[in-house]
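Here is a short briefing to read alongside your viewer. Have the sequence and the model open, and follow the topics one by one.

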Amino acid sequence: MAKADYYEVLGVGREASDSEIKSAFRKAAKQYHPDLHPGDKEAEAKFKEINEAYEVLSDSGKRAKYDQFGHAAFDPAAGAGGGYGGAGFGDFSDIFSSVFGGFGGFGGGSAYRNGPVQGNDLRYNLTITFEEAAFGVRKEILIPREDSCKTCGGSGAKPGTQPTTCTTCGGSGQVRVQQNTPFGSFATVRTCDACGGTGKIIKEPCQDCRGKGRVSKTNRIAVNVPAGINDGQTLTLRGEGEAGHRGGPNGDLYVVITVKPHKLFTRKGFDLYLDMNIPMTVASLGGEIQVPTLSGTVKYSIPEGTQPGTTFRLREQGVQRLNASGKGDLFVRANVQIPKKLNDEQRELMQKLAESFGDKVSESKPVKRSLFEKMKDKRN
Ligand SMILES: [Zn+2]
Ligand SMILES: [Zn+2]
């Protein structure tokens, strides 16, 4: 299929100025943009054609070659005119987005590279104790971060001097690059090497930041950890991340909380759980036990006949609710202790108890005699 004439594709005359070509391109590209014609192959082909035409006609060198040789100037098979210089095959969708990113015209991803950019968000892992999480704590943390340079106010230029507009990219921070693909050739927009994408050239750099406009600093930040926070939760400190670029806002600081486990308590939400050893006699007869809590020991009366595994609830002895009033509860589970060793007297009492219950127990062990007594036996 013969290629359409590039001037016809854009609907401009052979004498059209650069700005006429540009505005014709923008108009035509908007009309045929694939987003407006989903699934329409014809519109897609037309769109590619428009891009290809603009690539050539917007570049004075290529336009001159095209004027002289026509399409053969850019056809590698024709061997004339030098072609496109091996840009390789790119990702088709990337090409589309970068073409339109470069013009800032079509919805998402269209910010100019040298416009204000928000600074990076930072993440800090803060480990606190169980009690600190329960009662809240104020912690000072040290955050190494990129800050705007105070000496030059972030411009990167020596005080008293000004950055100048980059002549390579005209201040846009981007240069258009031709790219060959199986679908034709397209413009891609690349960061300008001369200015690193800032659009500005600094002739006399600021000495404190060496022209970067930013300095690495360690910031001391006070973090108020609220009572009731739990393991894995995150505090967001707005604007405490890295400094923005070119007047953009600072990033945020995310403080991720790790809570150390407690040696007695397990926490679920705002409730606490505790296993307590309770003597068999107390479980059986009832009695007062001393229950540890986060704020000291409290007395608690357990009833007669408490069974192993019974759980008692001590209201409002849990953790302060986060950003709310009230506390969780403390659940105490009775771990009834069976004695492992009995002395002679206890054994005797236990055997009497078994008799009273009518329980069949092992035969009473003979009372152990001392070595001295055994020796006395032998002598007799
Ligand atoms: Zn500076
Ligand atoms: Zn530049």
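In this predicted model, three strands make up an open sheet with mixed pairing, in the order β1-β9-β8. At its edges lie β1 (122–128) and β8 (234–237), each of which pairs on one side only. From one strand to the next, the twist averages 25°.

**The β1 and β9 pairing**
- Seven bridges join β1 to strand β9 (residues 253–259), and the two strands pair in the parallel sense.
- If you want a residue pair to look at here, take L126, which stands opposite I257 in β9.

**Zinc ion (ligand 1)**
- Which protein atoms are the donors of the zinc ion (ligand 1)? They are the SG atoms of C149, C152, C206 and C209, and they lie 2.3 to 2.4 Å from the ion.
- The arrangement around the zinc ion (ligand 1) is tetrahedral because its four donor atoms subtend angles of 104 to 115°, and the criterion asks for all angles to lie between 85 and 135 degrees.
- Along the chain, the donors of the zinc ion (ligand 1) are spaced C-x2-C-x53-C-x2-C.
- Distant parts of the chain are linked by the pair C149 and C209, which are 60 residues apart. C149 sits in the loop between β2 (137–148) and β3 (164–165), while C209 sits in the loop between β6 (200–201) and β7 (214–225).
- Are C149 and C209 buried or exposed? Both of them are buried.

**Zinc ion (ligand 2)**
- C166, C169, C192 and C195 coordinate the zinc ion (ligand 2), each through SG, at 2.2 to 2.3 Å.
- Angles of 102 to 115° are subtended by the four donor atoms around the zinc ion (ligand 2), so the arrangement is tetrahedral.
- The sequence spacing of the donor residues for the zinc ion (ligand 2) reads C-x2-C-x22-C-x2-C.

**Cavities**
- How many cavities of 30 Å³ or more does the structure hold? There are two.
- The largest cavity contains about 70 Å³ of space.
- Its lining consists of A134, F135, L294, S295, E316, Q317, G318, V319, Q320 and K327.

Methods. Residues numbered from 1 in each chain as written. Chains lettered and ligands numbered in written order. Predicted model: local features only at pLDDT ≥ 70, side-chain atom pairs only at ≥ 80, totals over all residues. Heavy atoms only, no water. Donors = N, O, S within 2.8 Å, 3.2 Å for Na, K, Ca; no water. Tetrahedral: all angles 85-135°; square planar, octahedral: opposite > 155°, others 65-115°. Pairing = 2+ DSSP bridges. Helix = DSSP H or I, 4+ residues; strand = E, 2+ residues; numbered from the N terminus. Axes fitted to C-alpha atoms, helices over the stretch in contact; angles between N-to-C directions. Buried < 20%, exposed > 50% of the residue type's maximum accessible area, 1.4 Å probe, protein only. 1 Å grid on protein atoms, 1.4 Å probe; cavity = no way out; pocket = protein on both sides within 12 Å on 5 of 7 lines; lining within 4 Å. Points joined across faces, edges and corners; volume = space filled by probe spheres on them.
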